[in-house]
Amino acid sequence: MSGYPPEVRKLIQVVEDTRRDRLKAPAPRRLTLEERENLVKAWHPDYKPELKRPLRIGVSKGLVVYSVIADILESWPIVKPGDVDLTNVDYDADVLIIGSGGAGLAAAWWAVRSGLDPSRIIIATKLRLGDSNTIKYQSGTQAATGPDDNPIIHFLDTIAGAHFTNNPKLVKVLAEEAPFIIRWLEDLGVRWSRVGDDLERLPGGGATRARLHCSGDYTGLEVMRVLKDEVRSLGVQILEFHPAVELLTNPSTGGVSGAILYNLDTKEYKIARSKVVVLATGGLGRLHIAGFPTTNHYGATGDGLVLAYRVGAGLVDLDTLQYHPTGVAWPEAILGELIPEKTRSIGGQLLNVKGERFIYELEPRDVVASAIIRECVEGRGVLTPTGTCGVWLDTPLIEVLKGPGTIKREIPALYRMFMRHGIDITQEPILTYPTLHYQNGGVLIDEWTHVLRPSGEAIPGLLAAGEVTGGIHGRNRLVGNSTADIFVFGRRAGIEAAKLTRETTVIEISLKHLESFIADLKSIGVPEKRKAPILLPDYRGEAVLKRIIEL
Amino acid sequence: MSQAPLRRYITIFFNGEAYSVPHGLTIMKALEYAGFRFTRGSGCRGGFCGACPVVYRLPGDYKIRVGLACQTPVEDGMYISLIPYVPLVEYVPRREELKPDAGYVLKLYPEISRCVSCNACSKACPQGLSPMDAIQAILRGDLRKAAELTFDCIACGLCSLRCPAEIRHPAVFRLVGRIVGVYYMPRSRSVEQRVKEIESGRFNNAFAKLLSMDPGSLRKIYDEYLKTGRLPGDLEV
């Protein structure tokens with residue numbers, strides 16, 4: 001157990017020396033709407049035009065997205081037509097589900113429930129079954145189940161939270177089916193937190209009713225424990241460490257008819273042919289857009305966007321991402337992990353290196369994140385022992401304000417997380433910086449999860465659910481709506497997949513869709529070494545990478 | 001900004017080879033720095049998924065210690081070995097086959113009756129849980145207590161590797177958690193009630209109205225709702 005090194009201890013002294021004065025001083029005033037807008041426009045990554053560019057090829061040519069996303073969308077396929085033998089099919093299925101987070105597992109479960117033979121359903125997943133962002137979710141799932149609440153209010157909160165930029169038809173489905181999802185998971189045996197005989201409902205930012213359903217501090221762990229068990233017990237085929245590297249298409253219709261999978265251990269490709277493909281590949285935090293750390297799991301590299309774009313899928317809102325204002329800036333061991341908003345709502349103050357408050361702590365997330373970035377860029381941040389920048393979150397102040405014991409009672413998970421690294425947050429402040437949290441936009445879908453071309457026409461055989469999709473959360477997602485989304489639309493994808501398989505008889509596979517895409521890549525001069533999907537981030541040290549020879 | 005502190009380098013040993021890595025990294029990040037790229041043994045990287053159990057020892061000490069590679073900081077002279085996979089034989093019964101009694105758990109996993117209360121499992125648990133107490137609770141027939149004690153289990157499997165009785169703790173605890181979730185938790189009537197209301201079409205008219213509105217009108221309604229706490233008459237349900 002090391003705690004803070006001596007040079008940081010010196011900086012903490014400033015926090016301690018100013019604490020008494022800060023207790024007496026009034027809080028920074030709330031910003032006016034105009035001030036908020038100016039701050040966000042000046043510092044929030046979403047408003048940095050240099051971080052974005054228009055797509056140069058593909059069906060959404062001209063659409064402005066984050067440049068890092070544009071780079072993976074304008075990358076060479078890992079396998080080109082002719083590289084692989086498509087006549088030798090390894091797996092034949094009715095439904096191929098790519099990804100095994102909440103959306104993928106819900107799709108599998110409901111496809112079985114809708115009458116499909118489980119042995120004809122394949123889940124292909126990059127890492128182990130269930131390795132996903134879902135397993136990390138803590139704060140709960142929004143659903144209007146309370147007597148004072150209803151789906152209409154949930155709908156309106158969601159639309160307003162996204163500044164009226166979402167697809168209302170998708171939001172209606174979300175709000176109307178979320179209570180059903182809570183009951184479904186309860187029936188499967190998810191142990192939701194309870195108060196007496198009823199489920200506990202917690203408040204969340206942007207929600208005008210308390211409608212977050214959680215399972216202690218380990219909501220995702222519990223939900224995934226149950227869903228993994230269910231899907232395994234049903235006998236669905238599971239291929240772990242088999243990410244998809246390309247979709248397969250019917251050469252005459254352009255519809256999707258399977259995928260090329262890649263065995264991460266043996267580096268072999270495998271051909272999976274299926275009547276329907278469900279994309280449930282999740283988000284892209286591990287692309288570290290604009291250099292941010294992330295709350296996301298190891299495999300969150302935006303693969304689904306790449307695969308879908310190559311077969312003609314429309315994209316929406318990929319010029320906006322959610323940066324949570326308070327990620328862990330140090331210790332390195334938990335860099336980018338979440339410090340819950342509650343830490344600020346019970347009195348934790350944000351301070352720069354001089355011990356000064358620089359923002360009212362409970363401004364909207366994008367505003368607080370912008371203010372923290374400003375302090376660092378303008379040289380008032382705190383240099384962490386790993387050389388990154390952060391600001392202080394004065395947690396000991398919470399105990400001064402609300403009494404000893406408050407931290408262990410109100411934010412026990414955070415207390416334990418830091419104690420593992422020798423930092424007692426009741427005694428010492430913590431270093432925080434915004435962290436890349438969520439992909440707001442994604443692949444265009446309709447209410448039954450059909451992936452749409454920009455024209456609005458559905459791509460035959462291709463469904464998508466979860467973080468890979470866009471439209472549900474518009475340009476800003478509310479807490480707890482992501483997990484409502486994955487289960488509501490994952491379920492719909494499973495039901496719709498079962499229906500589509502009955503309408504599909506002939507399955508032909510090809511890589512024909514890549515022909516024009518490759519011609520486009522050549523026309524804009526993309527170097528052939530830039531390939532996607534990238535599958536996993538590369539964290540190897542620079543000294544090693546400089547000398548590396550890939551065989 | 002204050003002066004950048006100098007980075008201190010330490011030596012770790014992995015598969016018998018020495019590597020110089022920055023102090024302050026986790027085992028996982030230190031190995032990546034040294035040139036390893038994980039496919040197995042890395043999952044959520046935040047201590048929630050149990051993908052990265054690790055065993056290690058420290059210089060001058062013969063004891064084998066355990067932890068999670070994504071949560072354990074490297075120390076100078078540390079000898080490290082990763083465990084990407086714990087090959088437990090697990091039973092995954094269908095929900096209908098679950099039975100709400102400890103005898104059923106014992107039938108599937110009879111080795112739990114061999115627990116000698118040595119507590120090696122608890123010493124190995126990176127979550128700070130007490131698997132031994134949970135096993136004892138099952139043997140007493142108290143599945144509810146066992147489920148409560150192991151709710152935070154991330155199924156890394158380190159306890160099973162240490163257990164002299166060969167108990168498959170993560171599998172046992174998952175089974176017990178399922179049984180308790182399915183049989184012992186009270187059903188929420190409010191959720192049932194709301195689902196029925198939705199299925200009966202109670203909100204259809206209001207939704208039809210909302211879907212016919214443009215964003216400007218929706219904004220007006222929401223502004224008014226925030227001020228008054230009320231929705232317009234035709235949206236009240």
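Modeller: Let's begin with a pair of strands: β13(A) and β19 (residues 442-444) of chain A pair in the antiparallel sense over 2 bridges. This is a predicted model, where local features need pLDDT of at least 70, side-chain atom pairs count only at pLDDT 80 or more, and totals for chains, interfaces and linings use all residues. Residues are numbered from 1 along each chain as its sequence is written, while chains are lettered from A and ligands numbered from 1 in the order in which they are written.

Biologist: What makes β13(A) and β19(A) a pair?

Modeller: Two strands pair if DSSP finds at least two bridges between them. β13(A) and β19(A) have 2 bridges, so they pass. The strands themselves are DSSP runs (E, at least two residues), and helices are runs of H or I with at least four, both numbered from the N terminus. In one bridge, Leu315(A) has Val443(A) of β19(A) as its partner.

Biologist: Why does Gly99(A) count as buried?

Modeller: Buried means 20 or more other C-beta atoms within 10 Å of a residue's own (exposed is 12 or fewer, partly exposed in between), with C-beta atoms placed from the backbone. Gly99(A) has 31, so it counts as buried. Gly99(A) sits in the loop between β3 (91-98) and α4 (102-113) of chain A. Not counting residues up to four places away in sequence, its contacts include Thr125(A) and Ala280(A).

Biologist: How do you know that chain A agrees with a compact globule?

Modeller: The rule is 2.2 Å times the number of residues to the power 0.38, and the radius of gyration is taken over C-alpha atoms. For 551 residues that gives a value near 24 Å, and chain A has 24 Å, so the two agree. Buried residues make up 58% of chain A.

Biologist: How many residues of chain B are in contact with chain A?

Modeller: 59 residues of chain B are in contact with 74 residues of chain A. The largest share of that side of chain B, 6 residues, comes from α8(B).

Technical notes: Contact = placed C-beta atoms within 7 Å.
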